[in-house]
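Thanks for coming. I will go through one structure today, starting with its charged pairs and then moving to the strands and the cores.

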Amino acid sequence: MHDDLFEKIIRREIPAEIVYENNATIVFMNINPVSRGHVLVVPKHYARDLQSGSEEDAIELMKTIYHVAPRIMKALGATGYNLGMNHGAIAGQEVFHTHIHLMPRYEGEARTFEKQGIPPEEMKEIADLIRKEMLLAKNN
Ligand code: AMP
């Protein structure tokens, strides 16, 4: 069993604001977001980076993004999003468990990639809006 930070989130050993999960992937709020609603999309099978994992896991990641991104935009009023991946230390990867950043973008807001702090209550409020929208989409 691997023991990195995101494994611990998957196993509920450390807290995270999880907004979606299926058999292959999990999506949770980034504790240092670059935009409102910045989430990380993570495969449940451990791999240190995308190229170390299976093609199936890469496909599952993109399927989850396809499914979750429009719901996040709707929940938060975003009109676009950036996807990002830091692959390898040379690219700035800090957590060595594959993940894709999904960063919602809003009209009239500067497009920054600077990490920001966020109070836990505010992160939970944003996560609640996303979870509500995910539930609505599931029930329709
Ligand atoms: P990187 O590996 O460079 O793509 O960055 C890892 C990302 O994980 C950073 O944006 C961090 O803010 C984020 N991060 C680190 N610890 C946690 C955590 N406990 N919960 C959620 N996000 C985290």
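A salt bridge here is a side-chain nitrogen of Lys or Arg within 4 Å of a carboxyl oxygen of Asp or Glu. Before I use that, two notes on the source. This is a predicted model, in which local features need pLDDT of at least 70 and side-chain atom pairs count only at pLDDT 80 or more, while totals for chains, interfaces and linings use all residues. Residues are numbered from 1 along each chain as its sequence is written, and side-chain values use heavy atoms, with hydrogens and water left out.

Salt bridges, then. The search of the whole structure gives 12 of them. Take Glu60 and Lys63, whose side chains meet in a salt bridge at 3.4 Å, N to O. Both residues lie in helix α2, 3 residues apart, about one turn of the helix. Helices (H or I, at least four residues) and strands (E, at least two) are DSSP runs, numbered from the N terminus. Glu60 counts as partly exposed because its relative accessibility is 24%, and Lys63 does so at 48%. On that scale, buried means under 20% relative accessible area, exposed over 50%, and partly exposed in between, with a 1.4 Å probe and protein chains only.

Which residue forms a salt bridge with Glu21? That is Lys44, with the closest N and O atoms 2.7 Å apart. The pair links distant parts of the chain, since Lys44 is in the loop between β3 and α2 and Glu21 is in strand β1, 23 residues apart. Lys44 is partly exposed at 22% relative accessibility, as is Glu21 at 33%.

Arg48 and Asp49 also form a salt bridge, their closest N and O atoms being 3.9 Å apart. Is Asp49 buried or exposed? Asp49 is buried, with a relative accessible area of 10%, whereas Arg48 is partly exposed at 41%. There is also a network of salt bridges that links Asp3, Glu7, Arg11 and Glu13.

Back to Glu21, now for the strands. Glu21 stands opposite Ile26 in β2. Strand β1, residues 18-21, pairs with strand β2, residues 25-29, in the antiparallel sense over 3 bridges; pairing requires that DSSP finds at least two bridges between the strands. With 3 residues between them, β1 and β2 form a hairpin.

Next, the cores. A nonpolar core is a set of buried Ala, Val, Leu, Ile, Met, Phe, Trp, Tyr and Cys residues joined through side-chain atoms within 4.5 Å. The largest has 23 residues, of which Met29, Val39 and Ile130 touch the most other members. At least two residues each come from β1, β2, β3 (39-43), α2 (55-76), β5 (100-105) and α3 (120-139). Helix α2 gives the most, 7 residues. Not counting residues up to four places away in sequence, Ile130 touches Val19, Met29, Ile72, Ala75 and Leu76; contact means heavy atoms within 4.5 Å. A second, separate core has 8 residues, including Phe6, Ile26, Phe28 and Val42.

Asn32 lies in the loop between β2 and β3 and is partly exposed at 31% relative accessibility. Leaving aside neighbours within four places in sequence, Asn32 is in contact with His38, Lys115, Gln116 and Gly117. From Asn32 to Met73 is 41 residues in sequence and 19 Å in space, C-alpha to C-alpha.
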